[in-house]
Amino acid sequence: MIRKSTINRTTEIMFTLFGIWPGTSCIQIRRIFWFITIIIVQFLHYRYLLTHFYSDDLFNLMDCLSSFLAYAKVMTKFIVFWFNQRKFIETLAMMAEDWNDCPNNEISMQETICKAKLSDRIANAIIILHTLSVVTYGTRIILADVDITDSTSIPPYIHKVELPFDVNTQRAYKMVLITQFTYLIMCSWAAGAVNALLLTLILHIGGQVDILRCLLTDLVSKEDGRKRTIVTTGEIIRKHQKIINFSQNVENLYTYIALLQFASNTIIICSLGFLIVCAIGTPDATQQIIRSVLFYIITNLEAFIFCFAGEYLNNKSKAIGVAAYNSAWYNLKPEDGRILSFIILRSQKQLTLTVGKMMDLSLEYFASIMSASGSYLSVMLAMQ
């Protein structure tokens, strides 16, 4: 069976589960379920913060705040994709069109399949890493021997929440923990799938840019001592415009996700770093560090993925102008050569991913986020 999409099957199943993938049945029911349940979970976190703001220690409050912001990011990703369903459908249609053009060109087929295989590995690795993060985060609580009948102590939960009902039996307590664990792992899949989709789309753009560069390189060749045009400049212009449109769709889908992501990730990285540092020297230091360290790595990885995607897209767009300049434009007819100058001019306006259309994503921006998180962590440790 010939593949027709860069998006792998795992990501498609995840998006179907969360009511994002178009053309599936009961999509509205799934959306209502996720919206209501995340609101409930957020409300329970808010109740905990409100109830324990003055009575609890800073360690528990930071733990609750980090999970509260993590769920807020998941809800934002859902809402953005639900409200931009048309853009997502257009993006999938453009990707399918690129795949339909592959059989006409061997280089196109090789580049597209290569990027698709790389996307598969990355998407599966991200989902596995998110799953392991949840397992290490919640397993210790689930396996702990807690005496629920002891009224002098508050039973530990995977997330710090204030439940609206009393949990006074062992069975009810285990049911709450299992529900929390199941819901947490599904939300982590949602976060991972959206991040994996971003890399998949960016890699697909990179593959199309590489195909365009090959077209520019082969624009003029020599055969039997005579020049002949292998591909028309019109074909090159159409390919370039499709890349620009595809990139703009990705930007529209992810720019506001990135805005909340980086507003919250700075706080989450700071909070988790605080939990890890404060756990050092405590009796259960190893368990606390193991519980938080993968969550910390995932949060940093999430920020890095967005910044890397922006940097990768920017570098690829520069390569188009370089390839056009290095082509044998001097052997073309004057009208064809003038068209290449327009391609070079357009490529100077680089393809970018932005944070709320305010700032370009890049590895330099990732370094600034890490620096800001470290500064805030120092302040919190001084306040402790």
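How are α5 and α8 oriented to each other, and why?

Analyst: This is a predicted model, in which local features need pLDDT of at least 70, side-chain atom pairs count only at pLDDT 80 or more, and totals for chains, interfaces and linings use all residues. Residues are numbered from 1 along each chain as its sequence is written, and side-chain values use heavy atoms, with hydrogens and water left out.

Helix α5 covers residues 106–143 and helix α8 covers residues 285–326; helices (H or I, at least four residues) and strands (E, at least two) are DSSP runs, numbered from the N terminus. The two helices pack at an angle of about 155°, and their axes lie 8 Å apart. Axes here are lines fitted to C-alpha atoms, for helices over the stretch in contact, and angles run from 0 to 180 degrees between N-to-C directions. Therefore α5 and α8 are roughly antiparallel to each other, a term for angles over 145 degrees.

On the α5 side, the contact (heavy atoms within 4.5 Å) involves residues including I126, L129, L132 and Y137. Among the residues that α8 contributes are L294, F295, I298 and L301. The residues of this contact divide into 12 nonpolar, five polar and three charged; Ala, Val, Leu, Ile, Met, Phe, Trp, Tyr, Cys and Pro count as nonpolar, Asp, Glu, Lys and Arg as charged, and the others, Gly among them, as polar.

As for the setting, the protein has 10 helices and four strands. Its C-alpha atoms fill a box of roughly 90 × 50 × 30 Å, taken along the principal axes.

Key:
Parallel < 35°, antiparallel > 145°, perpendicular 65-115°, else oblique.
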